[in-house]
Amino acid sequence: MTAFTRRNFLKSTAASAVVLGGVAVYWPRSSFAQPTGGMTNVLKIPPLETGRDQDGVQVYDLTMQNSTTEFFEGYQTPTSGINGSYLGPTLKVRDGSAIRFNITNDLEEPSTLHWHGMHLPARMDGGPHQVVAVGETWASEFTIKQKAASLWYHPHLMHKTAEHVWRGMAGMIIVEDQESDALPLPNNYGIDDVPLVLQDRTFTRDGRMDYNLSMHSRMMGMVGSIPFANGTYAPYFEATTTKLRLRILNGANASTYNLALDNGASFMQVATDGGFLEAPVEMKLLQLAPAERAEIIVDLTAGENITLVNVAIGGAGRGMMGGENNNAVANPFLEIRPAASLTASAELPSRLTTMEWLDEADAVKTRVFSLEMRMGMGAMMGGGNSHSINGKVMDMAHIDEVVNLGDTEVWELKNVSMMPHPFHMHDVQFQILDRNGKPPAPNEQGRKDVVMVNAGETVRIIMRFEDYADPDSPFMYHCHILEHEDAGMMGQFVVV
Ligand code: C2O
Ligand code: CU
Ligand code: CU
């Protein structure tokens, strides 16, 4: 990826193709993914939920529910959502404020809601140990201690995360702080500051999106054929300002997206998983692994439509197949239609934040995590321990790592398998020290909670465990390909 983003992304003469560092990228004109009618649906904007004040606590009521959603005219697809039929509201929270998320389970089965990227006490994390039974309400209460960032939430029930997310349960969280207040970035929700939950889904002929794992998807993760943004099929967004801020979440179960603008123009990345980069980074191609976020600023010209596309590079990732296809295909995620006259946005600041860089010399311990997959028939049939970390499959009753409060540690992530694995850990935001000994790309030099570890790669990350010790409640670390997580590519750590 590092080398790839630096290559030139040149516009070709044909409207439907661009050349990406020597690779021709074609827009499929006739496939389901891009209807001949073009992008025909207004982008849905998840409702913004700011909570209600109850004796100094911001309270948010969230109900997990089953319903149906009309993604395609005339087809009612059975789905699940939070306070709605598919996906959930965007929760706006503020650093320093005491909050309570009331989670009510109106499903027909247990589930959980996890605050991905949030620094909080483990028992409030909404992981596999905080199960919300059918008909019950669980209150997750804590004080936000977080830099301004775009986080998200999703179910995390043991062995069921993938299916519950696939059915539609996920939403974004916007954290604000004094730093974000002071920055002249677009922040008018739904107008020039737009959340984008990117996903892919597959449908049956009668419009259901059943979660049926084939042997292949059990191994590789569930990949859909149709791109969605905020649960909208073939969406467009009517922009009214010269700059548009997109808070992008890769909300897919297993797909890595390679995002670009169809005219080959560059955009500025201003934030990664855990908040602002020190300075905006100019990008032409942005790789987002499952669960990763990026905030980007796109420059718009009045009346000139542009499309955010996913460029398929070398199939499912850059692991198995390696290399790059000669003919990659791009699928459109969102068409942006600027108005005939636009309101001028403020200039982008050259500095966004100051990172407190953790020093390897302060690390008291290095832990090694080996990311493993066993192929072969036994594993394919779901019978074996096909996905593991350090030879172990997730066991809810077993604590894998014990960390001391206040310590700085280095975690060395070694991918010894044949495909990329996006590694995620709860509780903290980490920093990437190096990939195979080389510094990370500029847009990865920030606070992260997911890092792609490519096949054969060793990625070293550094983090400090602050604030919350609890010997009885573990945090998780896992591959964020949800089928891998569900298959046991997950472990537990406690902070003591
Ligand atoms: Cu996004 Cu353990 O989760
Ligand atoms: Cu998480
Ligand atoms: Cu994985």
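Predicted model: local features only at pLDDT ≥ 70, side-chain atom pairs only at ≥ 80, totals over all residues.
What is the volume of the largest pocket?

**View 1. The largest pocket and its lining.** The answer to our opening question is about 530 Å³ for the largest pocket. Its lining is made up of 20 residues, and those nearest the centre of the pocket are Lys145, Lys147, Gln429, Arg447 and Glu466. Sorted by class, the lining of the largest pocket holds 11 charged, 5 polar and 4 nonpolar residues. Domain 2 (48-177) and domain 3 (360-495) each supply at least three of the lining residues.

**View 2. The copper ion (ligand 3) and its donors.** Here you can find His421 and His484, each through ND1, coordinating the copper ion together with SG of Cys479. The distances run from 2.0 to 2.1 Å. Along the chain, the donors follow the spacing H-x57-C-x4-H.

**View 3. Phe101 in the largest nonpolar core.** This core brings together 55 residues. Phe101, Trp115, Trp411, Phe423, Met425 and Ile461 have the most contacts inside the core. Take a closer look at Phe101: leaving aside residues up to four places away in sequence, Phe101 touches Tyr60, Leu62, Leu91, Val93, Trp115, Trp138, Ala139, Ser140 and Phe142.

**View 4. A second, separate core.** This second core has 30 residues. Among them are Ala239, Val281, Ala294 and Leu334.

Notes: Residues numbered from 1 in each chain as written. Chains lettered and ligands numbered in written order. Heavy atoms only, no water. 1 Å grid on protein atoms, 1.4 Å probe; cavity = no way out; pocket = protein on both sides within 12 Å on 5 of 7 lines; lining within 4 Å. Points joined across faces, edges and corners; volume = space filled by probe spheres on them. Nonpolar A, V, L, I, M, F, W, Y, C, P; charged D, E, K, R; others polar. Domains from an automatic or database assignment. Donors = N, O, S within 2.8 Å, 3.2 Å for Na, K, Ca; no water. Core = buried A, V, L, I, M, F, W, Y, C linked by side-chain atoms within 4.5 Å. Buried < 20%, exposed > 50% of the residue type's maximum accessible area, 1.4 Å probe, protein only. Contact = heavy atoms within 4.5 Å.
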